[in-house]
Number of protein chains: 2
Amino acid sequence: MSKNKLSTSDRILQSALQLMKEKGFQPVTIKEIADAANVSEMTIFRHFETKKGVLEAAIERNTVVPGFKQILDKDIVWNLEKDLLQIANLYLDLMKRYESICLIAVQERASMPELVDLVSDNTEQLKGYITAYFNTMQEEGKMKQTDSYTQASIFLATLFSYFISTALWKEKFITVAKEEFIKNSVQTFCYGLQP
Amino acid sequence: MSKNKLSTSDRILQSALQLMKEKGFQPVTIKEIADAANVSEMTIFRHFETKKGVLEAAIERNTVVPGFKQILDKDIVWNLEKDLLQIANLYLDLMKRYESICLIAVQERASMPELVDLVSDNTEQLKGYITAYFNTMQEEGKMKQTDSYTQASIFLATLFSYFISTALWKEKFITVAKEEFIKNSVQTFCYGLQP
DNA sequence: ATAAAATGTTAGTTATCAATAACATACATT
DNA sequence: AATGTATGTTATTGATAACTAACATTTTAT
């Protein structure tokens, strides 16, 4: 194994993720995964023992540690609009990489509640970062005095909305293009929070 | 039937909706629904023939026609903040009533794509209403000149985000209270769009 | 009180699907 | 050539769950 093509187990995991993010864990059958990955069902069981094992391996192989602090700290220029643009893009990029896991977390929130944490931890971490950022900006008089945590929540909520609605329904809900959406929401947000 | 208690079929549909909104259509069994509704499995089949029939009846009995225009037209006072507050509350109330259907639409988007339309139609309709409202406000110089449609999209996206994240994960994502969330997002939005 | 309608009980059918087992084949390494 | 590893094939098991049928019991209406 290891031509320029994917290895067998990678092909299985990729197919599994793709199917599960569309339909959820339970409705996807091993046979479907096998067909999509172009292997026999037996191969899947030999690699991952159980169906659940497939999901677990897929999650493990697709979990990334964000590390906002390192990335952001060096790029922050203490200009509200520029910084929020930066943050917005970073967040949406990260979420894009988490798309499959996030959608499975949605589908399986009743049966695998721990999955949600994997996704919400990122948002929570970033929310903390933005809250601290807002606090500093307010101290320096570069931003209106408001509740930083609430504002951070609203800002991320707007972005999350873009992410989840396109992930779930393509352009059914939000037809505006990503750049347009980010630009306008950051702008409105900034004008609204100017001191 | 028809004490002050629910009728048998209502109890079945209610239990079915409750379970399906948590777990999706396929994973919920007739037995689960029967137990939750305190009837035998046979009763369910006698009322609705098939499992799919249960869902269809539940959807039919829970679909509401919003009619934004009638409700809003008489309450609009052409003050950006007041009107948006009104609209925000109306939208979230409507979505609350659609919560079950919306969550099932999420779970079953692959198997029943038509379900999404039921929910997205409301948002689309309201988006159109708000766009027209913004246009008028801009003509009257009560609002900054921007792309009304994009702004309407962003405004509803923020609200939708609150709705969907609490519907999916309770306070896991958004911990801020509903009123607080609405008040702050409307305020920020308005300050940002003042002429 | 009695008939009719609604619901319960039980047993059974059928289909699907995860998982196992046993054997076959293809291919690479040494 | 011999061995090991990865994969394929086929048959089978066991569990689950939708759905049916036949008969019993309860509830409701007249």
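Biologist: What makes the pair A:Lys172 and B:Asp117 a salt bridge between chain A and chain B?

Modeller: In this predicted model, the N to O separation of A:Lys172 and B:Asp117 is 2.6 Å. A salt bridge requires a side-chain nitrogen of Lys or Arg within 4 Å of a carboxyl oxygen of Asp or Glu, so the pair qualifies. The count between chain A and chain B is two salt bridges. As to conventions, local features need pLDDT of at least 70, side-chain atom pairs count only at pLDDT 80 or more, and totals for chains, interfaces and linings use all residues. Side-chain values use heavy atoms, without hydrogens and water, residues are numbered from 1 along each chain, and chains are lettered from A.

Biologist: How do you know what area is buried between chain A and chain B?

Modeller: Buried area is the accessible area (1.4 Å probe) that two parts lose on being put together, summed over both. For chain A and chain B this comes to about 4000 Å², with 63% from carbon and sulfur atoms. On the side of chain A, A:Arg109, A:Trp169 and A:Phe173 lose the most area to chain B, together 18% of what that side buries.
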